[in-house]
Amino acid sequence: MPVGTEGVSINSDTANETLLSLSGVEVTINTISGPVHPLQGVDLDVFPGETVGLVGESGSGKSMTLRSILRLMPPGGAITGGAVKWLGNSVLNLDADELQSYRGSQVAMIYQNPVSALDPMLSVERQIVDAFKANRENSDGVAEEYARDVLRDLEFGNPDVILKRYPHQLSGGMAQRVNIALALACGPSLILADEPTTGLDMTTQIRVLDLLERQVSARNAALLFISHDLRAVSRVARNIGIMYAGQVVEFGPRERILTNPSHPYARALLECMNLRTGERPRSIPGLVPQMTEEYNLCAFRNRCSSRMAVCDEQPLPVHNLGERHRLLCHLGPGHD
Amino acid sequence: MFLVNRVAILAVVLFAVVVIGFAITRSTGTPLYASLGVAVSEEIIQQRAEEMGLNDPIVVQFWTYFTALARGDLGSSRISYIPVAEDIALKLPATAEMVFFTLVFSFVWAIPLGVRAGLRPEGKLAKLGEGMAQFGVSVPAFWLGLLFVFLLYFLPQRIPEPLGPLPSLFPPPLGRLGGATPPDMVTGFYTVDALLAGDIRLAWQSLWHLILPALTLSLTSGPPLFRVTRSAVSEALSSPFVEAAYSYGLGRRTVLIRDVLRNASPPVLNLAAMTFGYLIGGGVLVEVVFSWPGIGSYAVWAMNNSDYDAVLGVVIVAAVIYVILYFIVDLIQFAMDPRLRD
Amino acid sequence: MTTIAPHRERSLFARVFTGPAAGITIRRSLFFFMLFLAVIGPWIESIGQWIPIPVYDPLRPDPFNPVSPPSAEHWFGTDTLGLDIFTRVIVATRVDFTLALIGVTLGGGLGCLAGAWAAYRRGWVDTVALRFVEVVQSFPVLLLGLALFAALGPLDIFGPVDHGMAVLVIAIAMVNFPLYLRQVRSVLLPLTEAEFVQAAKCAGLGAWGIVWNHFLPNARGQILALFALTCAYAIQIIAGLSFIGLGIEPPNPEWGSMIKTGATLIVQGHWWVSVFPGAAIVLSVYSLTGFSVRSETVIGPGGTST
Amino acid sequence: MTEAPILEVRNLSKTYRVRRSIGLVETIKAAQDISFAVERGRTLGIVGESGSGKSTVARCLLGLTPLTEGEVLLDESPLGGLGVRKMRSHRRMMQMVFQMPQASFDPTRTVRSSVAQPLRRLRPDMSKPQQEDRLRHVLTAVSLGEELWDRKPRALSGGQLQRAAIARALAPDPELVVLDEPTSSLDLSVRGDILSLLQELQEEFNVAFVLISHDLEAVRVCAHDVIVMYLGQIVEQGTAEQVFGSPAHPYTQALMAASKFETDSFELGPKGETDPTKGCRLMPRCPLAESACSTEQALVPSGQEGRMVRCWKAVEE
């Protein structure tokens with residue numbers, strides 16, 4: 001299902017209707033040493049069938065963004081502001097039953113650590129069958145047949161052997177494919193992937209990534225993929241968002257973000273990524289902010305090479321640069 | 001492979017238990033003094049030593065001891081001349097019955113409260129459970145038993161007119177049945193045997209005598225069960241696979257039973273079985289308080305009469321029971337946990 | 001702000017003695033009160049001359065006043081010999097606390113070293129240590145005490161030290177040794193592969209250097225929590241053994257043997273003889289368990305810590 | 001270069017014996033027939049995925065685990081089976097920086113005391129004030145803010161701790177530092193920081209590095225010579241220009257494609273469940289494999305000095 005890049009159209013048909021929309025999402029976690037604010041106003045739209053990538057360093061709030069979409073908060077955590085909307089309906093108002101049918105059948109998630117996301121006491125078959133049956137009314141026979149099919153889709157040569165295995169008997173790459181199978185078994189319209197290939201070998205990473213993308217698009221589902229690795233994200237995602245200190249500071253089509261980003265942080269990150277022989281490797285001076293306070297002003301300004309007087313005075317403006325290109329920075333689109 | 005390992009370990013531990021038993025027996029300076037007293041002449045000691053094989057090399061002595069033990073021979077009481085093994089066999093069912101009911105009581109309070117406290121750490125029931133655990137840990141079992149006797153046996157009789165005197169809530173702390181004739185021995189559990197004999201009144205009476213000692217032991221041995229259940233549940237609850245299960249749209253009930261309780265149960269079962277094994281020898285003081293005719297009372301009685309063979313017999317039997325239960329727990333875990341099966 | 005907040009290092013003292021819960025504070029005050037009683041114990045009679053509290057010689061019987069209920073003269077009543085229970089409960093504090101402390105320190109200290117060593121060496125050393133722990137722990141605590149008394153009973157090996165007390169201390173040490181071994185080992189085992197241990201090896205530290213400089217400091221919090229808990233546990237064991245007539249013999253004041261004196265009286269309604277010393281045990285144990293930072297640290301049956 | 005290399009490894013092999021159960025011992029060949037040399041003041045990069053044996057090599061070099069076979073020469077004197085004093089002098093010459101900065105510092109000690117540890121242990125020839133001077137020197141050289149020296153490790157960020165770890169390694173004035181994945185647990189914005197610091201320090205202290213990493217980019221920028229490892233073997237060896245400029249082994253090619261997230265050039269098959277013991281270890285995954293690969297391995301010391309490729313295909317070319 002191809003989606004245009006014209007941005008949100010008001011009179012949309014179903015294909016162009018926003019699947020998922022986050023606006024100003026804030027999360028607060030109360031810990032023993034005081035409150036932490038991992039999300040401080042996340043804005044993000046996902047359209048049906050598209051692939052979106054979010055890139056950020058540790059502590060930027062990527063994982064928490066995915067958890068807020070599913071309303072799965074850690075102990076002491078709560079969504080304290082903003083809106084999460086699924087097909088125009090607020091996810092934050094769902095009751096327990098509605099939430100249960102929203103999770104899985106609408107949105108499913110793939111976890112970063114593939115082995116620990118599987119119940120160690122249950123066989124692969126049992127887990128896939130349970131996920132399948134929780135979201136579709138079907139008999140055991142159909143579910144088992146489906147489990148075999150989905151494993152075949154995920155390039156397991158011998159699904160029957162894998163079905164009988166327990167999580168500890170799987171290698172990292174296999175476990176991650178089983179996790180993908182679980183998410184697909186739910187039949188969702190959107191799949192969230194939390195660093196799905198980070199722990200894997202380089203040569204395995206690409207395979208799993210491509211497999212994920214192929215299977216998601218074969219099922220007409222959308223994919224929201226987060227990673228700390230811009231290259232991994234750009235292999236899969238058409239639109240890319242850059243996260244910093246609990247906000248999406250820049251969002252736009254892959255080509256623009258990769259070749260000509262506007263946000264100083266996005267530029268610096270690209271510089272850091274591309275090492276050149278004979279040149280000193282670049283880095284961003286300063287430290288990643290701790291999320292123990294709420295930032296009313298730009299959180300990056302202390303590390304920013306383009307810092308201006310206005311950065312210390314006024315809250316961040318939002319610039320819409322067309323083609324869903326969006327920027328949170330005082331510099332705006334006009335600079336160099 | 002796991003099984004082979006566990007059996008090997010069982011053998012090693014059992015052997016070590018026997019070695020320790022042997023070492024203690026030989027280090028007492030008994031069996032000589034125990035059987036002769038201190039005031040005997042040197043020649044008689046020498047003669048007895050020769051007879052008892054105490055001049056043989058230590059390895060030979062150990063072998064004698066070991067083969068005797070393998071035949072179930074724990075020596076004889078020097079008071080009654082009855083073989084210790086027979087005495088223990090007679091008294092073990094009383095202890096086992098008390099411990100069994102203790103565990104029943106613990107399962108009624110400690111595990112449900114533990115599950116609840118794991119699910120809702122800030123809830124009222126969690127606080128109640130922690131309070132009970134704190135109480136049970138602080139209170140010596142034998143003292144709690146005495147307190148129960150005073151409050152539930154003695155006090156009701158002394159309530160003044162016009163309310164009282166009331167009949168005692170519980171019988172006096174004098175054993176398993178008071179004065180009644182025990183039922184015919186089948187299992188050794190009076191409650192079960194009485195029911196088998198069709199004597200419901202007797203079964204009721206034996207149950208009645210069981211309640212206070214079992215309750216005392218349950219309150220003081222239950223806290224670890226409560227706390228382990230609580231932490232096992234809360235650990236399972238916070239694991240990534242539980243979050244993942246929710247994200248696939250599985251319901252709360254399903255996740256709790258399928259993932260949380262399943263993953264939390266091995267440590268709890270483990271501890272429950274170990275509690276059982278431990279109380280076989282660990283209920284000594286409560287047996288004394290309630291004059292319960294079990295192996296604990298027997299050991300204390302023997303100790304007070306310097307009947308050391310009997311004391312060591314009880315110690316070895318209790319340790320062996322514990323080790324065997326430990327082994328059975330391993331088998332259960334083996335059956336439950338796929339990770340152990342490889 | 002992008003700088004990391006200045007790190008406040010809380011002293012060990014502050015970490016142990018300050019806590020968020022008020023219950024903890026109460027328990028800690030209680031602990032210091034018990035400690036105070038343990039210190040003044042032996043001088044209680046002379047202190048009684050200065051303050052208006054009725055205290056007596058804990059060992060002098062009063063044949064005209066046996067088993068008298070609590071009154072203004074005898075706050076906690078008297079026992080069968082007419083001994084004042086109030087005085088004896090206070091005097092016994094030192095006995096129970098001291099024996100528990102010595103026994104736990106002895107067994108626990110050796111257990112810590114052995115546990116750290118087992119974790120460091122791993123392999124067969126570790127296996128042997130674990131099996132040893134398993135064997136010792138398969139003997140129920142009180143029966144182990146009983147067996148010790150049976151084994152050491154006729155022997156005269158402690159010289160001037162009170163025989164019963166010495167055996168009690170050995171029993172406590174034997175119970176605690178495997179506990180500490182197991183706990184310290186389980187805390188440290190994951191650290192053997194830790195990179196800072198590798199770094200210390202690169203820095204030229206030997207085995208004991210690593211155990212001493214890195215292992216034991218890292219297990220310190222756990223050891224401290226366990227220490228309070230096992231002292232409480234030890235008091236119960238001492239009282240329990242004395243209750244069945246082993247260890248400290250009457251008329252020497254000790255809570256367990258005092259409860260024993262009252263055990264036969266309680267069915268006749270003379271509750272005070274047993275109740276007050278028992279309450280003293282409860283308070284001591286309760287106050288000591290307040291120091292265990294994690295209430296998850298559990299001493300299970302047979303002293304298995306989980 | 002006429003000077004002898006600071007480190008020479010000859011035919012190093014390491015076999016782990018894993019006891020599965022009583023009587024059942026499995027042997028794992030973690031490193032097989034590894035040979036290389038590191039010149040003074042230069043950097044050797046070792047790349048490979050997890051399980052390639054690169055960390056095993058590092059641990060063998062440092063004497064953290066004994067070798068099964070082969071020889072390690074540090075400054076022309078063999079390592080292993082040495083007396084305490086000799087061992088100490090080797091430790092002084094060779095230090096290590098670990099992968100996880102948080103884990104490589106004892107949480108109960110201050111950063112300063114951890115950094116001072118090798119200095120105190122390995123430089124008994126220095127007086128206390130000299131040691132103190134040296135400590136200040138290295139901590140300043142890695143530009144770690146003085147206010148952080150007396151903090152506990154958890155108060156420092158990963159990047160700051162990794163600087164401290166480098167200072168610790170340099171403190172006893174070693175000739176060689178082994179860096180085991182020094183940037184892999186750090187954020188991208190800090191990676192360059194550490195890499196450029198390493199380059200500066202190499203000039204200042206004239207120290208040789210062995211840089212172990214799965215980050216090809218980092219190795220390409222920092223290393224003078226490169227080794228590529230797969231399942232315990234060296235599959236390709238040469239200078240950085242040779243290996244990165246014209247990679248000859250299929251595995252190297254695949255690795256380079258994968259690190260750029262481009263597979264159009266070359267793609268390996270899926271990882272097998274069991275690894276072959278005979279012939280080429282990459283064979284089950286290699287699209288170029290032919291029958292010869294299953295029985296024998298080719299070893300190609302090409303015309304150039306120090307260049308080696310373990311593949312039949314490279315022989316033919």
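Buried means under 20% relative accessible area, exposed means over 50%, and partly exposed lies in between, with a 1.4 Å probe and protein chains only. The model is predicted, so local features need pLDDT of at least 70 and side-chain atom pairs count only at pLDDT 80 or more, while totals for chains, interfaces and linings use all residues. Residues are numbered from 1 along each chain as its sequence is written, chains are lettered from A in the order in which they are written, and side-chain values use heavy atoms, without hydrogens and water.

**View 1. A nonpolar patch on the surface of chain B.** The patch is formed by L269(B), I324(B), I328(B) and I332(B), which together have about 290 Å² of accessible area. Accessible areas come from the Shrake-Rupley method with a 1.4 Å probe, and for residues only the protein chains shown count as cover. Patches are made of residues with over 30% relative accessible area and no salt bridge; like charges are joined within 9 Å, and nonpolar side chains (Val, Leu, Ile, Met, Phe, Trp, Tyr) within 5 Å. Helix α14 (residues 308–336) of chain B gives the largest share of this patch, three residues. L269(B) lies in helix α11 (residues 252–282) of chain B. L269(B) counts as partly exposed because its relative accessibility is 35%. Helices (H or I, at least four residues) and strands (E, at least two) are DSSP runs, numbered from the N terminus.

**View 2. The contact between chain B and chain A.** Contact means heavy atoms within 4.5 Å. Chain B brings 21 residues to it and chain A brings 30 residues. About 2200 Å² is buried between the two chains, and carbon and sulfur atoms give 58% of this area. E243(B), Y248(B) and R258(B) supply 31% of the area that chain B buries against chain A, more than any other three residues. Buried area is the accessible area (1.4 Å probe) that two parts lose on being put together, summed over both.

**View 3. Polar pairs between chain B and chain A.** Seven residue pairs, both residues at pLDDT 80 or more, are in polar contact between these chains. A polar contact is a pair of N or O atoms within 3.5 Å; within protein, one must be able to donate a hydrogen and the other to accept it, and residues adjacent in sequence count only if both atoms are side-chain atoms. There are also two salt bridges between chain B and chain A, a salt bridge being a side-chain nitrogen of Lys or Arg within 4 Å of a carboxyl oxygen of Asp or Glu. R258(B) forms a salt bridge with D130(A), with the closest N and O atoms 2.7 Å apart. On the side of chain B that touches chain A, α10 (240–247) and α11 each supply at least two residues. The largest share of that side, six residues, comes from α10(B).

**View 4. A buried salt bridge in chain B.** R227(B) and E130(B) meet through their side chains in a salt bridge (2.9 Å, N to O). The pair links distant parts of the chain, 97 residues apart: R227(B) is in helix α9 (residues 200–237) and E130(B) in helix α6 (residues 124–138). Both R227(B) and E130(B) are buried.

**View 5. A salt bridge in chain D.** The side chains of R307(D) and E236(D) form a salt bridge (3.0 Å, N to O). R307(D) is in the loop between β11 (300–301) and β12 (308–309), and E236(D) is in strand β10 (residues 233–239), 71 residues apart. R307(D) and E236(D) are both buried.
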